[in-house]
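Reader: I should like to go through this structure by question and answer. Please begin with the terms that are needed.

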Amino acid sequence: MDVKQAAEYLNMSVPWVYREAPRLGLIPYKFGRGRNAKLQFKVSDVQSWLKQQRVSG
């Protein structure tokens, strides 16, 4: 999934995905170089990362 799809799935903004997701452990795959590089995420990675973020209560 691309950054926009990941943002929609996580109910977050696109800038948040670019800025915070890698810092919080959601590692993107980078295609291309420099400013034209595209980030992609594996659907299974996003789903498992989201499950890990649940707060038990």
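Author: Buried means under 20% relative accessible area, exposed over 50%, and partly exposed in between, with a 1.4 Å probe and protein chains only. Helices (H or I, at least four residues) and strands (E, at least two) are DSSP runs, numbered from the N terminus. This is a predicted model, in which local features need pLDDT of at least 70 and side-chain atom pairs count only at pLDDT 80 or more, while totals for chains, interfaces and linings use all residues. Residues are numbered from 1 along each chain as its sequence is written, and side-chain values use heavy atoms, with hydrogens and water left out.

Reader: What is the mean pLDDT of the protein?

Author: pLDDT is the predictor's confidence in each residue, from 0 to 100. Where it is low, the predicted coordinates should not be read in detail. Here 96% of the residues reach 70 or more, and the mean pLDDT of the protein is 90.

Reader: Which element has the highest mean pLDDT?

Author: Among the elements of the protein, the lowest mean, 91, belongs to α3, and the highest, 95, to α1.

Reader: Which residues of helix α1 are buried?

Author: Helix α1 covers residues 3–10, and its buried residues are Val3, Ala6, Ala7 and Leu10. Seen down the axis of α1, they fall within an arc of 100 degrees (taken from the directions from the helix axis to the C-beta atoms), so they line one face of the helix. Contact means heavy atoms within 4.5 Å. What covers the buried residues of α1 includes α2, β2 (38–40) and α3 (43–52). The residues asked for are therefore Val3, Ala6, Ala7 and Leu10.

Reader: Which exposed residues does the face of α1 turned away from its buried side carry?

Author: The buried side of α1 has an opposite face, turned away from it. The exposed residues carried there are Lys4 and Glu8.

Reader: Why is the aromatic pair of Trp16 and Trp49 called tilted?

Author: Rings of Phe, Tyr and Trp (its six-membered ring) pair if their centres lie within 6.5 Å; planes under 30 degrees apart count as stacked, over 60 as edge-to-face and the rest as tilted. By this rule the count comes to 1 aromatic pair. The ring centres of Trp16 and Trp49 are 6.4 Å apart and their planes stand at 55 degrees, so the pair is tilted.

Reader: How many residues apart are Trp16 and Trp49?

Author: Trp16 is buried because its relative accessible area is 14%, and Trp49 counts as buried because its relative accessibility is 8%. The pair links distant parts of the chain, with Trp16 in helix α2 and Trp49 in helix α3, 33 residues apart.

Reader: Where is Glu20 placed, and is the residue buried or exposed?

Author: Glu20 lies in the loop between α2 (14–19) and β1 (29–31). Because its relative accessible area is 15%, Glu20 is buried.

Reader: Which residues are linked with Glu20 in a network of salt bridges?

Author: A salt bridge is a side-chain nitrogen of Lys or Arg within 4 Å of a carboxyl oxygen of Asp or Glu. Glu20 meets Arg19 in a salt bridge at 3.2 Å, N to O, and forms another with Arg23, whose closest N and O atoms are 2.4 Å from those of Glu20. The residues linked with Glu20 in the network are Arg19 and Arg23.
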